[in-house]
Structure formats: C-alpha cells, structure tokens
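Please report on the packing, pockets and backbone of this structure. Keep the report brief and tie each point to residues.

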Amino acid sequence: MTMWVFGYGSLLWNPGFEVDEQQVGVMHDYARSFCMRSIHHRGTSEHPGLVLALDEMQGARCEGVALRVKAGTEAETLAYLRERELISSAYLEKNLAVHLKNGEVIEAVTYVIDPNHVQYCHLDLEAQAQVISRAIGDRGPNTDYLHNTASHLVELGIEDEDLNWLSQRVKTLCS
C-alpha cells in the first residue's frame, strides 16, 4: 500500500525518511500557523519556542508537499514519525485528503494541532517574532526552523505571506 505524508513545516526540508516522490498539494480546512509552543525541539519548558502546526479552520487552505514514502519502509517510517512528531502529544495523527497539483486526490498521514492541548496558542505575528527570535531547543535555534521553512516554501513556489513577514521581522530583531 502506498503511504503519503503531508509536509508543511520541517518535513519540507528535513523529512528524516526515504521519499520516492514529492508533489506540491493543498489541504483544505487547515491553516499553517505557529500555534504550538515548542518545549523540546525549538524551546524549553522554561522558555518555549514556537513550531508550525496545522490548525483546523473552516475555509482555510494550506499548501505543502505530499511525500510518497519509499515502498517497503512504511512501518519503519510511521514509527519514526510517531517518535518525532508525537513527542508531547500536542499533535494528532490523521489521514487527510491532499489535492495534488496534477488533480489527483491522495490520503496522507498528517500531524495537526490538538486545540485542547496546553501547548496550543494563538499569538499575533509580532508576538510570534519575539518568541522565535529568542528561543533555542535541543534541535537548535527557533530562528533556524523559521528561516529553513520559509526558504523552502519559496523554493517550492509556495506563497506564505505570514512566514515571509515573520522571517524578515526575526532577521531584523536578531541583527
């Protein structure tokens, strides 16, 4: 059985598993947002950072990348993703429809935010920039996560005005 994973944040530039194919696609009714406090990878419990999550929102759309997992590695890939993405149970694992650019609709393993989890937050863009500019976790500075994601979206031809603004604002704050 073919397994797809939807990447909208760090999976764009660091999937961590073997990919046979990738295609740009759209997920409806979810928005990419820095709505998850990071207490492990990009921050600490004392000084949380922010990471991207898909926030369920009627009428929203998130453009990202559908990653087809190398055949024969599905179980290993799913175990890896669960260890990586479900570290604090703030994400929910769902199989959701992704509309590929070629018109095909596939189902992909997707990690979305649990709006009832303590790490869920809603901050305006300036507050996000302030947090991201200072946070550091066990995978490095929060700024690296932001800039890597923003630059890979640009490379893929995906427009995300909020991430572009955040990336520029954080560069200003850190200079």
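## Helix H1 and its packing

The buried residues of H1 pack against strand S1 (4-7), S3, S4 and S5. Contact here means heavy atoms within 4.5 Å. Helices (H or I, at least four residues) and strands (E, at least two) are DSSP runs, numbered from the N terminus. This is a predicted model: local features need pLDDT of at least 70, side-chain atom pairs count only at pLDDT 80 or more, and totals for chains, interfaces and linings use all residues. Residues are numbered from 1 along each chain as its sequence is written, and side-chain values use heavy atoms, with hydrogens and water left out.

Thr-77, Leu-78, Leu-81, Arg-84 and Glu-85 are the buried residues of H1. Buried means under 20% relative accessible area, exposed over 50%, and partly exposed in between (1.4 Å probe, protein chains only). Seen down the axis of H1, the buried residues fall within an arc of 130 degrees, so they line one face of the helix. The arc is that of the directions from the helix axis to the C-beta atoms. Ala-75, Glu-76 and Glu-83 are exposed, on the face of H1 turned away from its buried side. The length of H1 also agrees with expectation: its twelve residues should span 16 Å at 1.5 Å a residue, and the end C-alpha atoms are 16 Å apart. The expected span is 1.5 Å times one less than the number of residues.

## Helix H2 and Gln-128

Which residues of H2 are buried? They are Gln-128, Ala-129, Ile-132 and Ser-133. These cover an arc of only 125 degrees around the axis, which puts them on the same side of H2. The buried residues of H2 pack against S2, S3, helix H3 (142-155) and helix H4 (161-174).

Gln-128 sits in helix H2. Its relative accessible area is 6%, so Gln-128 is buried. Not counting residues up to four places away in sequence, Gln-128 touches Phe-34, Leu-50, Leu-123 and Leu-166.

## A buried loop residue

Gln-119 is found in the loop between S5 and helix H2 (125-134). Gln-119 is buried, with a relative accessible area of 5%. Leaving aside neighbours within four places in sequence, Gln-119 is in contact with Cys-35, Met-36, Arg-37, Ser-38, Ile-39, Ser-88 and Ala-90. Pro-48 is 71 residues from Gln-119 in sequence, and the two are 9.2 Å apart in space, C-alpha to C-alpha.

Asp-29 lies in strand S2. Its phi is near 70 degrees, a positive value in a residue other than glycine. Asp-29 counts as partly exposed, at 26% relative accessibility. Ser-89 is not a glycine either, and has a positive phi of about 65 degrees. Ser-89 belongs to the loop between H1 and S4. With a relative accessible area of 44%, Ser-89 is partly exposed.

Ala-60 lies in strand S3. At 14% relative accessibility, Ala-60 counts as buried. Beyond neighbours within four places in sequence, Ala-60 is in contact with Met-27, His-28, Asp-29, Tyr-30 and Ala-31.

The largest pocket holds about 340 Å³ of space. A pocket is an open set of points on a 1 Å grid over the protein atoms alone, where a 1.4 Å probe fits, with protein on both sides within 12 Å along at least five of seven lines; lining residues have an atom within 4 Å of a point. Grid points are joined across faces, edges and corners, and a volume is the space filled by probe spheres set on the points. The largest pocket has 25 lining residues, and Ser-10, His-41, Glu-85, Tyr-91 and Tyr-145 lie nearest its centre. Strand S2 (19-38), strand S3 (49-69) and helix H1 (74-85) are the elements that give two or more residues to this lining. S2 gives the most, with three residues. The lining divides into twelve nonpolar, eight polar and five charged residues. Ala, Val, Leu, Ile, Met, Phe, Trp, Tyr, Cys and Pro count as nonpolar, Asp, Glu, Lys and Arg as charged, and the others, Gly among them, as polar.

The second largest pocket holds about 200 Å³. Its lining includes Met-1, Trp-4, Leu-78, Arg-82 and Val-109. H1, strand S4 (91-100) and strand S5 (105-113) each supply at least two lining residues.
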